[in-house]
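Subject: Handover of the two-chain model

Dear colleague,

I am passing the structure below on to you, together with notes on what was found in it. Please read the notes with the coordinates open beside them.

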Amino acid sequence: MKELMLTPKKLPDLPLEAEAITPDSVAGKTLKEVKSLPVYVGNTVQKLGDYFDVKGETAETPSDQLVAIQGECGNVKYIGAGMTAGRLIVEGCVGMHAGAEMEGGELSITGSASNWAGAEMKGGLLRIQGDAGHQLGAAYRGSPEGMTGGVIVVGGDVGLEAGAFMRRGMLIIQGDADSFLGVHMNGGEIFVFGNVARRLGAEAKGNGGFIACFGGVESILPTYVYDTTFRPDFLKLYLRQLRDQLGVEAAGEYLDASFRRYRGDIAVGGTAEILIAEP
Amino acid sequence: MAVFTDVVCPFCGCLCDDLEITVKGNEIKGAKNACAISRSKFMSHRENRIMTPTVKGKEASLEEAVEAAAKALASAKRPLVYGLSSTECGAIARCVELAEITGGVVDNTSSVCHGPTILALQQVGESKASLGEVKNRADLVAFWGSNPPAAHIRHFARYSVTPKGLYVPEGRKGRYVVNVDVRETPTSRVADQFIKVDHGGDFELLLALRAAVRGTEITEDVSGVPAEEINALAKRMKEAKMGIVFFGLGLTQSDGRHMNIDAAVGLVAELNHHTKFVLTPMRGHYNVAGANTVTTWQSGYPYAVDFARGYPRYNPGEYSAVDMLAKGEPDAAIIVASDPAATFPADAAKHLARIPTITLEQKVTPTTMLSEVVIPVATAGIEVEGTAYRMDGFSLRLSKVVEPHGGVKSDREVLDMIVERVKALKEDA
């Protein structure tokens with residue numbers, strides 16, 4: 001894998017929109033071409049090189065391309081948005097829409113991400129070691145489907161409406177989740193190892209989707225019905241995969257746990273499941 | 001003495017269209033049929049008026065003020081156009097154009113009132129009817145988190161509670177009025193049934209009601225409302241010939257926001273399997289519905305529209321005025337027919353004082369006091385004709401009953417001048 005290093009110089013006060021920062025848009029280009037990729041500040045078009053030092057090498061194809069950003073990019077939007085292959089590592093925080101609509105490859109953020117990270121993600125792996133903002137992996141406004149594939153792993157807490165309108169894919173939250181987790185969920189899997197605020201799974205249709213909660217739940221909606229306490233084998237398989245392949249250590253502690261199962265949301269005739277680990 | 005009949009009131013989203021305005025000379029002498037707020041707007045429209053344009057606090061000619069405004073907007077990297085909801089549609093269209101040619105953001109006051117409603121409607125659709133249908137057909141009227149006697153004074157009498165309709169010939173007696181709120185209000189005293197819901201518990205109650213309408217018996221109390229009351233209300237809603245839910249900021253701005261409306265839309269959709277049911281937001285400013293409508297037909301999106309890339313993008317929370325100002329993004333702002341300095345959170349309002357703010361306004365307001373450029377304009381619906389949209393989405397023609405006070409121009413005319421100058425400045429650059 002060829003490595004390209006981007007180091008932020010003085011970033012503007014206004015948000016910088018830089019969907020140019022993906023393995024896809026740098027692969028096959030010379031460093032000079034990379035430096036002149038367009039980025040947007042307010043209503044002006046600028047060059048990537050104006051705000052980032054660009055060093056290293058570019059690969060022929062995105063899948064052989066590693067892009068590493070060293071420095072805080074909390075006010076840089078769309079980092080890794082729409083990427084299809086390769087690796088993008090950010091050592092620091094990122095602004096809104098990081099990894100939005102990504103289709104493949106790996107985006108790894110050592111700091112925190114702002115709102116809309118991984119929104120409408122289609123594939124690939126998005127890792128956020130810190131916290132994520134609101135609408136993580138959610139559907140954009142008015143859109144009928146949120147995540148349709150891929151995996152998001154968050155080390156810290158997440159904001160409101162994570163996984164909204166989720167259709168497929170996997171969302172793993174190692175910290176706490178705010179209200180409306182998995183709202184309108186219609187497939188996919190959500191795992192939360194911290195505490196989950198109220199209204200999780202609201203208006204979820206189900207379609208095989210579930211929310212597994214390991215660290216407790218503030219409250220369950222009145223339109224979710226308890227049906228059983230059990231030790232599901234399928235969850236054991238998932239948890240092993242989380243521990244062994246994604247490095248989610250906490251997953252290993254619940255291999256033999258039993259879970260309370262609630263079904264809903266009956267307000268929409270849904271069959272989604274909320275599984276809550278028994279203490 | 002001239003009497004103008006069927007005058008549309010430019011105050012709230014009811015747009016009552018039966019006012020009789022008496023004018024003598026160029027002065028309004030009477031406003032028959034008007035509610036207290038409307039009468040005050042008509043009778044006091046000359047008070048507290050701004051008489052001349054100002055630039056940095058100094059009196060200026062209209063041309064000088066327009067030039068200063070155009071320069072600030074044309075050179076800005078992140079201009080903001082905000083307000084729009086208390087003027088006529090022609091002026092709103094100019095605002096959208098101004099945002100487009102400056103590569104800025106246009107947002108209207110719905111982002112701080114019924115914005116969540118719009119998010120929900122984009123998410124799950126809408127089942128709606130005209131207020132005329134409500135008057136003629138509705139035999140179950142629910143007011144959820146709204147209190148018309150305080151904000152939409154003639155709503156009960158003209159549209160929703162007391163009028164005799166074609167299929168509701170008994171008027172008030174023919175309608176069952178339900179009020180859901182966190183506390184008793186004048187609406188609950190008029191209602192046949194008052195349901196007191198816990199603070200921030202509307203969402204759960206709406207879901208439970210929907211489940212009950214689907215046939216699930218609710219067995220536990222939800223948000224402080226007894227289970228039997230929920231089951232009984234669901235039954236009553238299903239048995240109505242036509243029902244309507246009027247909802248206000250009690251639902252859009254309480255915990256859950258757009259999801260509350262999402263759940264309300266879901267409840268109404270479910271009820272349509274059994275009977276005719278609709279819902280209507282109680283829009284506040286008289287033309288806030290028009291601000292959404294015009295912005296949508298021009299850009300595809302109803303509010304919080306960003307033209308920075310040359311094409312419209314939409315994302316409330318990112319491109320909405322409060323969020324942008326709180327983050328200190330705009331480097332110039334033009335405020336039309338609104339008073340954000342009085343209504344926005346302090347952080348957001350303070351930023352307006354730091355940047356060149358241009359305000360088009362009739363009266364002295366906190367926003368005009370912090371603005372770099374202030375241009376007095378005529379009052380739409382009193383001094384200027386135009387179109388406005390009622391809360392149910394119907395367009396009505398606003399009347400001009402007197403000449404503009406002090407000969408000032410309309411919002412539309414001033415915006416035309418600014419747009420023309422901005423275009424010229426952009427071409428020169």
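What is the mean pLDDT of chain B, and what percentage of its residues reach 70 or more? The mean is 96, and 100% of the residues of chain B reach 70 or more, where pLDDT is the predictor's confidence in each residue, on a scale from 0 to 100. For the complex, the predictor gives an ipTM of 0.94 and a pTM of 0.95.

This is a predicted model, in which local features need a pLDDT of at least 70 and side-chain atom pairs count only at pLDDT 80 or more, whereas totals for chains, interfaces and linings use all residues. Residues are numbered from 1 along each chain as its sequence is written, while chains are lettered from A and ligands numbered from 1 in the order in which they are written.

Chain A

Chain A contains four helices and 17 strands; helices (H or I, at least four residues) and strands (E, at least two) are DSSP runs, numbered from the N terminus. Its radius of gyration, taken over C-alpha atoms, is 19 Å, which agrees with the value near 19 Å for a compact globule of 279 residues under the globule rule of 2.2 Å times the number of residues to the power 0.38. The C-alpha trace of chain A spans about 60 × 35 × 25 Å along its principal axes. Of the 279 residues of chain A, 56% are buried, a residue being buried if 20 or more other C-beta atoms, placed from the backbone, lie within 10 Å of its own, exposed if 12 or fewer do, and partly exposed in between.

One open sheet in chain A has four strands in the order E4-E3-E2-E7, with mixed pairing; two strands pair if DSSP finds at least two bridges between them. Strands E4 (44-47) and E7 (76-77) of chain A each have a single partner strand, so they stand at the edges with one side left without a neighbour in the sheet. Within this sheet, strand E2 (residues 16-17) and strand E3 (residues 38-41) of chain A run antiparallel and are joined by two bridges, and A:Leu16 has A:Val41 in E3(A) as its bridge partner.

Elsewhere in chain A, helix H4 (residues 233-245) holds A:Arg240, a residue that is partly exposed, with 13 other C-beta atoms within 10 Å.

Chain B

Chain B has 18 helices and 19 strands, and its radius of gyration of 23 Å is close to the 22 Å that the globule rule gives for 429 residues, so chain B is as compact as a globular protein of that length. Its C-alpha trace spans about 70 × 55 × 30 Å along the principal axes, and 59% of the 429 residues count as buried.

Leaving aside neighbours within four places in sequence, the residues in contact with B:Ala264 include B:Trp144, B:Leu206 and B:Phe247, contact meaning that the C-beta atoms, placed from the backbone, lie within 7 Å.

The interface

Between the chains, 23 residues of chain A are in contact with 27 residues of chain B.

Best regards

Note on methods:
Two residues are in contact if their C-beta atoms, placed from the backbone, lie within 7 Å.
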